[in-house]
Amino acid sequence: MTNSPDERGAELRELFYETSQELVQALNEEALKLEKDPGDEEIVRSIRRTVHTLKGDSAACGLRELSELAHQFEDALSLESAASHAAVAEIAFATADIFSEMIAAYHSGTKLPATKTLSKKIQELTAAPKNGKTRGKKTAGKTAKSKEPAEKASLGKSSSKAADQWTEYERLAMSKAQASGQDVLHVVTKIDPHCAMPIAGRQLVHNAIGTMGPVIAVRPDAKSPAAAKFIEFVVATVQTPEQIAAKCKIPTIVEEVTVEVLLRASAAPQPAALEASTEINEPDTPAASDTAAPEQSAVATLPAGSVPMQQENLLRVEAGRIDNVLNLVGELIIGKSMLQQALNEFSKRFPKEALRGKFADAMAFQARVLNDLQRSVMKIRMVPVDQLFRRFPRMVRDVARQCGREVELSVSGQDTDLDKGILDAIAEPLTHLVRNAISHGIESPEERRKLGKPGQGIVRLNAYHQGNQVIVEVTDDGRGIDVAKIRTKAFELGLTTPEEASKMSELEALNFIFRPGFSTAEQVTEVSGRGVGMDVVQSVLHRLKASISVDTRLGQGTTFRLKLPLTLAIIKALLFWVEQRLYAIPLNAVLEIARTFEAEVHQVDNYEVLQLRNQVLPLLRLGRPAPERDVKTKLFVLIITVSEKKYGLIVDGLEGEEELVIKALDDQTFSTDLVSGASILGDGRVVLILNLPAVVEHVARLRPQEMGHANSGLLLTHTDRMRLALTPEVGGQV
Amino acid sequence: MSRELHIVGFQVGRETYGVPITSLHEIVRVPEITAVPDAPDYLEGVINLRGKIVSVMDLRKRFGEKQASVKRNNRILVVEHAGRLAGLIVDSASEVLKIPADAVEAPPAVFQEGGLNCVTGLGKVSGRLIVLLDMSKLLAPASLVSKGESEDKKTAAKAGAR
């Protein structure tokens, strides 16, 4: 608070942009509740509280248009007739939209959205005569119970109008200042009407007061017309009121100064007032609600949600800073393996050395702390899925309305934590999935009733941990996906032949829905049907090394299951050798490791396959092609799953399991998609992490007749090929 | 009053090439290189440069030498361009040259195409000719991709012909 007013203003604005998002979100949620339960006064009050907070905050930041609109809406809501008006929810939605547009506009410095239509709607709300019992917003007030009127009385006439405009945040600051042993003073300075530059004068007074102690609130806003007439400050200080008055009385600018004590430094008689008023008001309101319009003053005193309270223990940190720390932890982990390596060598060379034990102890200790450190840093990046899920009720409502569906959204597992980066990345795919569920999945109410289902469909969002992964599910109880339809459509689009289509398993057929341009919807609507959505879903998930699976029952509904990694930065990986080079694949893709003989490998349709127990798996040889039928050669086969299908990878040898810190490859230089990243091992070796979907795709892209030996040699480089003197057929199939 | 260009000179084959010293990060011995599959053959792979992964290009292959042998005095020039690091394998890196700006000639038109489109000029220092390279063109993904693709096409065509 010692900063210059300008800096502080900028800081305040930044804070406002962040908190206001939460407020708008809260407004959306409340509007949804109200829509479900129209006329519920408690909800209307809570909307009003939210709008009020928004008004106060925006005014404090000098965002006049926003605060005016909020003020207008708040006023309208304070009328009893308006509160019970059916359109309130609708207008609340519209207001929320406009608010968020305005905030975005302020933030980016672009043109503000038009608010005329909205304010007209709000005015209609005010004008709507319902039972004629329109009450002014300041008429009511249980003086004994609400603090505000009492304060008004003690503050005197000049301040009464503004006194009830302290926001929750300011109130909190006041009580804190009081608790820390400062008096909270209310200073009203009347600006000399003859003063030539009232606004500059205002700044002078502000600065003067700023030297006495932290200024908690300033009224009115600098841009408002009243700003040139008087200024009110709330300041926390240890100085006496007289000293303040003397300081403020700047000749030719300030005509008159009144200083009053709002709150005496702790142990004063009033301190409990703030809390007390809330407590008393809360139980009282239901009883009062049918007779009196809710008091304006009470609203101001009630905390708007718990947002301002939580701020105490929350730090808003730029994500980049946390990423930096996480990177450093990654380096430390590499360092740890380097030390471990050195220790191993040391032990080998000096097996009798007594120091070994000491080293080992220190290493173990360091490893443990490092583990904790890594986990704590990763936890910082973790946020509950709720942050994402709470956007959906509003969206579901809008989409359902557009499509003429009745949909209930049920959400569970909101507390599941997920990496912030992943959470942000899946927002779009998840939106697509939910939209699809409503527009494609859920049937129209009539259709549903005909089928004996309740008219209201259910879309379920669920999240939970499973091993080292987080699962996010989108389920609907709609018509399910018609696999037969997909087969025909795939054939129509030339993606497959009828024979292939009929041979295809259900799962394979379902995979077609992720192809770009594939849509079984008969018509393109505003929300979906262009066949772009699922493609987006798939590409995002590939990038995240996540996978998606579909589970559908005709007539009963569909579940899309996203399997997401816990974090993007560190993975558990299995390391193996191919052609004297080390590669890694994510451990969670590995089902099992099998040992087999060359004799067990069969050729089907030019594909090499392996019969494992009672399953037949397509094989990929990552290294050199099969040697001339040496049936006794032993093979390592990694059984992996990629989008629900199993494959066997033939590798030369296994190295082990390791935690890898993923580093991006310079993808501007390397156009290959076979490799998704690289990592550095403890001994400084670089290991490449394979991108399994791409590896599998490389093979699947080729038609059987072109295959030949194509499912081998994927990881060979040009030099390898020259060295192995491979036939051109193989060389060409890269 | 002519400006001087500060150039790091290095040998590839029989020629001396030069890059601006400002774009040089460091010169290291050739460490173990991890090959990346499915990349153009002049992209040798990646190295671990003190915890950073840096991709390495073999300039000898880039400039068309067929068999580049590994010698003891081979070096990797680590250059910094547009915020990222890249390594260039050269036969040897020797000297820092100061070339007066007016002793640099524009490259002949034949250089504008093919693998040598990254040449910005020819500098003359005491009778020697230094081929000056443009980092952005040398490392531009476009030129790499097109070259890699055409190569792939070539091999594919070959495979198809047989």
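How many helices and strands are there in chain B?

## Basis of the model

This is a predicted model, in which local features need pLDDT of at least 70 and side-chain atom pairs count only at pLDDT 80 or more, whereas totals for chains, interfaces and linings use all residues. Residues are numbered from 1 along each chain as its sequence is written, chains are lettered from A and ligands numbered from 1 in the order in which they are written, and side-chain values use heavy atoms, with hydrogens and water left out.

## Chain B

Chain B has 3 helices and 11 strands, where helices (H or I, at least four residues) and strands (E, at least two) are DSSP runs numbered from the N terminus. Read from the N terminus, the elements of chain B follow the order β-β-β-β-β-α-β-β-β-β-β-β-α-α.

Chain B has 162 residues, of which 46% count as buried; buried means under 20% relative accessible area, exposed means over 50%, and partly exposed lies in between, with a 1.4 Å probe and protein chains only. When contacts (heavy atoms within 4.5 Å) in chain B are taken between residues at least 6 apart in sequence, 55% of them join residues at least 24 apart.

## Chain A overall

In chain A the secondary structure comes to 28 helices and 22 strands, and 47% of its 734 residues are buried. Chain A exposes about 35,700 Å², of which carbon and sulfur atoms supply 53%. Among its contacts between residues at least 6 apart in sequence, 70% join residues at least 24 apart.

## Helices of chain A

Helix α2 (residues 41-60) and helix α3 (residues 64-78) of chain A have axes that come within 8 Å and cross at roughly 155 degrees; axes are lines fitted to C-alpha atoms, for helices over the stretch in contact, and angles run from 0 to 180 degrees between N-to-C directions. Because of that angle, α2(A) is roughly antiparallel to α3(A), a label for angles over 145 degrees, while those under 35 count as roughly parallel, 65 to 115 as roughly perpendicular and the rest as oblique. The residues making this contact include A:Val44, A:Ile47 and A:Val51 of α2(A), and A:Leu66, A:Ala70 and A:Phe73 of α3(A).

A:Phe73 is also touched by A:Thr95, which contacts A:Leu118 as well, not counting residues up to four places away in sequence. A:Thr95 lies in helix α5 (residues 88-108) of chain A and, at 0% relative accessibility, counts as buried.

## Sheet and loop of chain A

Five strands of chain A form an open sheet in the order β20-β12-β13-β22-β21, with mixed pairing; two strands pair if DSSP finds at least two bridges between them. Its edge strands, each pairing on one side only, are β20 (653-661) and β21 (675-680), and the twist averages 35 degrees from one strand to the next. Within chain A, strands β12 (residues 570-578) and β13 (residues 581-586) pair in the antiparallel sense over 6 bridges, and A:Phe576 has A:Tyr583 in β13(A) as its bridge partner.

A:Arg613 sits in the loop between β16 (607-612) and β17 (615-621) of chain A. Its phi is near 50 degrees, a positive value in a residue other than glycine, and A:Arg613 counts as exposed at 61% relative accessibility.

Methods. Accessible areas come from the Shrake-Rupley method with a 1.4 Å probe; for residues, only the protein chains shown count as cover.
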